[in-house]
Amino acid sequence: MTDEAIIADNLTYFYGQLTAVDHISFSVAEGEILGFLGPNGAGKTTTVKLLTGQLVPKGGQATLLGLDVARRPKEIQAQIGVCFEIANLYEQMSGVENLKLFARLFGVKEFDVAALLARVGLEGRGKDRVETYSKGMKQRLMVGRALVNRPKILFLDEPTKGLDPASAQAIRNVILEERARGATIFLTTHDMLEADKLSDRVAFIDQGKIVALDTPHRLKQQYGKRLLKAEIAGADGGLETREIVLDSPDTPALMETLFSQENVITVHSEEASLEDIFIQITGRGLI
Ligand code: ATP
């Protein structure tokens, strides 16, 4: 086995005339979190389905844990956890029953239901029927369900979309705990702040193609402009803003002028966000 947990090699999928995933190639190392960022319809969910054996590629190959996904889907599915955006839980059953049913499906003999519920913030609610859960609770249960088999790779498709801040944070904490356990995480999102905070590297996907892939830090260095923003006291007593681009030959002179000739009240530096960079590369936003 290689230390690449996920390898996509020219992966391609089309629905009729529409090419949803267009010859994408990348790999994810064991224990790495890859953030997969793109706007609606970019091809994120289709990519997850190809990587997890739910769709068979029309071209190229997906390899997980050294195995060809299209040829060995069952073997792979036993070693991965998958959580999709759309809830597919048994609403009439309790949280505990949902988890136990899933464990049986995967041949997991022993797991600590109470500990798992506590990890996703559902302690005390395990015996209640899922139909009585809020959206955030259902989402947390789905994340818990994806962890039942202690997966080597965790696929999370928009796991925090539309959730309250506490539920979203609970899920982010679980993601970081899973990485600390050694799991590899493939996280699709269009929340660039989340991707920036959690991901070791991010891939930008647009119209089925990967248009950039690197660490958030290097993407910002490569594409972003660092700025210094200063608030100064204006002539009329109000505040005015001045911006100075850092990393330019004029920067020292502009700084000198700012501090010697203006009454500077506040200064702070700003770097480009992943959203700014996405717009720069693709010409459009993430939403
Ligand atoms: P979102 O952020 O909205 O979930 P996504 O990046 O996950 O979007 P996909 O769901 O992979 O995007 O869809 C990629 C493209 O394929 C879109 O144009 C979508 O309309 C199309 N598509 C997805 N599923 C089907 C399907 N079952 N039949 C036909 N077209 C589909």
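**Figure 1. Salt bridges in the predicted model.** A search of the whole structure finds 19 salt bridges, a salt bridge being a side-chain nitrogen of Lys or Arg within 4 Å of a carboxyl oxygen of Asp or Glu. The model is predicted, so local features need pLDDT of at least 70 and side-chain atom pairs count only at pLDDT 80 or more, while totals for chains, interfaces and linings use all residues. Residues are numbered from 1 along each chain as its sequence is written, and side-chain values use heavy atoms, with hydrogens and water left out. Side chains of opposite charge can pair when their charged atoms come close.

**Figure 2. The protein as a whole.** The protein has ten helices and 13 strands; these are DSSP runs numbered from the N terminus, helices being H or I with at least four residues and strands being E with at least two. Its C-alpha trace spans about 75 × 45 × 35 Å along the principal axes. Of the 287 residues in the protein, 47% are buried. Buried means under 20% relative accessible area, exposed means over 50%, and partly exposed lies in between (1.4 Å probe, protein chains only).

**Figure 3. The pair Arg201 and Glu32.** Arg201 and Glu32 meet through their side chains in a salt bridge, with an N to O distance of 2.6 Å. Arg201 belongs to strand E9 (residues 201-206) and Glu32 to the loop between strand E2 (18-29) and strand E3 (33-37), so the pair ties together parts that are 169 residues apart in sequence. Both Arg201 and Glu32 are buried. Val202 is also in strand E9. With a relative accessibility of 0%, Val202 counts as buried. The C-alpha atoms of Val202 and Leu37 are separated by 7.0 Å, although the two residues are 165 residues apart along the chain.

**Figure 4. The pair Lys220 and Asp196.** In the salt bridge of Lys220 with Asp196, the closest N and O atoms are 2.7 Å apart. Lys220 lies in helix H8 (residues 216-223) and Asp196 in helix H7 (residues 192-198), so this pair ties together parts that are 24 residues apart in sequence. Lys220 has 11% relative accessibility and counts as buried. Asp196, at 23%, counts as partly exposed.

Figure 5. A salt bridge joins the side chains of Asp214 and Arg218 at 2.8 Å, N to O. Asp214 counts as buried at 17% relative accessibility, whereas Arg218 is partly exposed with a relative accessible area of 44%.

**Figure 6. Lys44 and Glu158.** Lys44 is in helix H1 (residues 44-51). Lys44 is buried and has no salt bridge, the nearest side chain of opposite charge being that of Glu158, 4.1 Å away. The side chain of Lys44 reaches the backbone oxygen of Pro39 at 3.0 Å. Glu158 lies in the loop between E7 and helix H6 (165-181). At 7% relative accessibility, Glu158 is classed as buried. Glu158 has a positive phi, near 50°, and is not a glycine.

**Figure 7. Arg150.** Arg150 sits in the loop between H5 and strand E7 (153-157). Although Arg150 is not a glycine, its phi is positive, about 40°. Arg150 counts as exposed, with 59% relative accessibility.

**Figure 8. The largest pocket.** The largest pocket holds about 350 Å³ of space. On a 1 Å grid over the protein atoms alone, a pocket is an open set of points where a 1.4 Å probe fits, with protein on both sides within 12 Å along at least five of seven lines, and lining residues have an atom within 4 Å of a point. Grid points are joined across faces, edges and corners, and the volume is the space filled by probe spheres set on the points. The lining has 18 residues, of which Val82, Asn88, Phe102, Phe106 and Arg145 lie nearest the centre of the pocket. Strand E6 (80-83), helix H3 (95-105) and helix H5 (135-146) each supply at least two lining residues. Eleven residues of the lining are nonpolar, six are polar and one is charged. Here Ala, Val, Leu, Ile, Met, Phe, Trp, Tyr, Cys and Pro count as nonpolar, Asp, Glu, Lys and Arg as charged, and the others, Gly among them, as polar.

Technical notes: Lys, Arg positive; Asp, Glu negative; His and termini not counted. Polar contact = N/O pair within 3.5 Å; in protein donor to acceptor, adjacent residues only side chain to side chain.
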